[in-house]
Every structure is written in structure tokens, then in C-alpha cells.
Amino acid sequence: MYRIVSALFLAENIKKIEIEAPRIAKKRKAGQFVMIRVGESGERIPLTIAGSDPEKGTITIIVQGMGKSTKELNSKEAGDTISDVVGPLGAPSHIEKFGTAVSVGGGVGTAIAYPTAVALKEAGNYVITINGARSKDLVILEKEMTAVSDEAYITTDDGSYGFHGFVTQKLQELIDSGRTIDYVLAIGPIPMMRAIAEVTRPYKIKTVVSLNPIMVDGTGMCGGCRVSVDNQIKFACVDGPEFDAHLVDFKNLSDRNKIYQTEEKQSSESWLHECKLLKTV
Ligand SMILES: Cc1cc2nc3c(=O)[nH]c(=O)nc-3n(C[C@H](O)[C@H](O)[C@H](O)COP(=O)(O)OP(=O)(O)OC[C@H]3O[C@@H](n4cnc5c(N)ncnc54)[C@H](O)[C@@H]3O)c2cc1C
Ligand code: FES
């Protein structure tokens with residue numbers, strides 16, 4: 001059992017959770033993730049390690065409640081326990097001094113990009129961050145991202161805060177201004193990552209995305225997370241999750257992620273129903 005040390009909502013439906021996991025806290029590197037099973041009978045889900053404190057023996061994850069497992073996890077409070085935390089898994093982010101590195105995060109993708117933005121800064125890059133949300137109340141980690149950035153931009157779809165528009169528009173604006181950009185990391189919903197790849201492709205800017213296929217074991221055994229990159233089959237849990245954005249088959253990824261939609265909806269609805277019943281007892 002793994003004890004939750006602290007749990008705090010950063011925005012509606014997005015929770016920051018610190019978990020006691022000393023061995024993982026010592027070993028983890030930017031870009032890696034853990035596989036979490038909330039309860040004994042639950043499924044395993046992958047979540048990026050957003051940070052760690054090796055002295056304290058804790059890791060931090062930032063979770064968006066999407067369906068049954070993430071909503072159940074986000075219902076936990078400090079002092080509660082979760083069944084399994086396995087990791088660190090996945091290949092660490094490739095970090096070097098690229099020059100000017102832009103980190104683009106969409107929604108909870110900002111949390112997934114954060115540890116890599118920190119590592120890029122530590123490697124001596126000039127770091128620009130562009131973090132997008134639908135509206136002001138959904139902006140997360142603004143203080144943390146600003147602290148790690150030489151330049152930081154927030155975009156909102158509805159214009160309620162920062163730049164009015166999408167992260168792609170802000171990135172295009174920076175490119176059009178004549179800035180030299182040597183590296184782009186983009187993490188967020190699949191349509192966002194695909195759109196960023198198309199913004200940078202004509203300029204041949206090295207662009208990396210962190211893919212989010214369905215993962216089951218997280219160790220390269222089940223094949224569940226297979227993705228097509230440069231027309232080759234890769235397993236995102238061991239070969240990734242980061243890949244060259246210009247070589248990823250995003251349509252294949254998007255189609256495969258929809259395979260279990262009916263079951264996911266049923267599972268989420270029955271869990272919410274059980275919660276309501278428990279509250280009435
Ligand atoms: C390497 C990696 C790192 C991730 N890091 C984060 C993170 O830091 N924070 C965060 O909020 N989310 C993260 N995700 C996404 C997170 O794993 C899914 O939102 C979660 O598994 C959804 O499960 P659910 O039961 O709550 O929702 P469901 O209703 O079961 O599913 C909702 C959607 O989530 C995806 N999904 C479902 N099951 C899985 C699974 N076993 N593996 C991967 N995707 C699944 C599917 O696209 C599905 O349509 C990450 C995904 C990957 C692959
Ligand atoms: S999750 Fe099973 S092979 Fe990657």
C-alpha cells in the first residue's frame with residue numbers, strides 16, 4: 001500500500017497528489033511515468049511523475065479526472081492509501097543543450113511537460129513555455145512554469161486570460177517574429193500535438209511529442225500501447241512515450257484510443273452510481 005501525503009485540487013477536476021514511494025523518488029528521471037492501481041480490483045493506469053522529493057521519499061502526480069480510475073484517484077485525500085505504484089517506467093526525456101527550447105502544454109499536458117521543461121532549463125537551454133487551457137479557471141502550474149522559463153506565455157481558448165487563442169497560434173507568432181527555435185516539446189490532447197507537428201514541419205524544427213496510448217502493463221509485454229512511428233511499430237511504454245512528432249501516425253493513435261469507449265463510459269457511470277448510493281447509506 002502507498003500512502004498519500006498530500007492532495008490538492010489545482011483546478012476543477014485536476015488534482016496534485018503526493019505519494020510516499022521512496023525507491024521511485026530516488027530513481028525517476030524527467031519524462032518517466034508510473035503505473036497506478038487505485039484499489040485491489042482496479043485497472044492499471046499510466047501517470048507521469050510530475051516531480052519528486054528524494055529526501056522525503058515522495059513523488060508527485062497531477063491527475064485529470066477522465067473516467068473511473070482517475071476520478072476514483074482524485075477522490076482520495078491525504079492519509080488515504082492506493083494499492084500499487086510501479087515505476088519509474090518509460091524512457092527518460094532526451095535532454096541536451098539544443099539552444100532555444102519551447103515547451104508547449106495543453107490542459108493537463110502542462111503537468112506532463114513540466115519535469116522536462118525543468119530538465120531543459122538545467123541543461124542550459126533558453127526555455128520558452130506556452131501553456132494553454134480552455135479558460136482562466138483551468139490554467140495550472142502558472143507559477144512553476146514561469147519560474148522555469150526565460151519567457152512564459154499562457155493562452156486561453158476563450159480569451160479569459162493571457163493570449164486569446166490556441167497554443168499553435170502563439171507558437172506560429174513566435175516563429176513568424178523571426179526567432180530561432182531549435183527544439184519544441186508538445187504535450188496535450190492528440191489534435192493539439194498533431195497541429196503543433198504541422199506548425200513546425202515546414203521549418204524543420206525538431207519536435208517531440210509524448211504519446212498517450214492505452215497502456216496495460218507498462219513494461220513492453222502486452223502490446224496494448226503500440227503506435228506507428230515512421231511506419232514502424234513501437235511500444236510507447238518502453239520505446240517512448242516521447243517520439244519525433246513529424247514521424248507519428250496520429251490517426252492510428254486516435255483510432256486505437258477509441259476502441260474501449262463504450263466500456264469506459266459504462267465503468268465510469270457505474271462507479272459514479274456506486275458513489276451516490278454510498279452517500280445515501
Ligand atoms: C505515458 C502516459 C502518461 C500519462 N500521464 C498522465 C498524467 O500525468 N496525468 C493525467 O491526468 N493523465 C495522464 N495520462 C492519461 C491517463 O493515463 C488516462 O487519462 C487514464 O488512464 C484514464 O483512465 P480512466 O479510467 O480514468 O478513464 P477512462 O474512461 O477509462 O478513459 C478515458 C480515456 O483515457 C485513455 N485511457 C483509458 N485507459 C487508459 C490506460 N490504461 N492507459 C492509457 N490511457 C488510457 C483513453 O484515451 C480513454 O478514452 C497519461 C497517459 C500515458 C500513456
Ligand atoms: S503497455 Fe503493454 S506493451 Fe506497452
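I started with ligand 1: 24 residues surround it, the closest being Pro46, Ile62, Gln64, Thr70 and Met215. For me a residue is near when one of its heavy atoms lies within 4 Å. This is a predicted model, where local features need pLDDT of at least 70 and side-chain atom pairs pLDDT 80 or more, while totals for chains, interfaces and linings use all residues. Residues are numbered from 1 along each chain, and side-chain values use heavy atoms, with hydrogens and water left out.

Next I looked up polar contacts (pairs of N or O atoms within 3.5 Å). A backbone N or O atom of Pro46 sits 2.7 Å from an oxygen atom of ligand 1. Polar backbone atoms of Ile62 and Met215 are each 2.8 Å from a nitrogen atom of the ligand. The protein covers 89% of the 860 Å² of accessible area that ligand 1 has on its own (Shrake-Rupley, 1.4 Å probe).

Then I asked where the shell comes from. Strand E4 (44–48), strand E6 (58–64) and helix H2 (68–74) each supply at least two residues, and E4 gives the largest share, five. I use DSSP runs here, at least four residues for helices and at least two for strands. Domain 1 (2–89) and domain 2 (100–257) both contribute to the shell, so ligand 1 lies between them; the bounds come from an automatic or database domain assignment.

Last, I checked cysteines and found zero disulfides (sulfur pairs within 2.5 Å). Cys222 is partly exposed at 41% relative accessible area, whereas Cys237 is buried at 1%. Buried means under 20%, exposed over 50%, and partly exposed in between, with a 1.4 Å probe and protein chains only.

How values were computed. Chains lettered and ligands numbered in written order. Polar contact = N/O pair within 3.5 Å; in protein donor to acceptor, adjacent residues only side chain to side chain.
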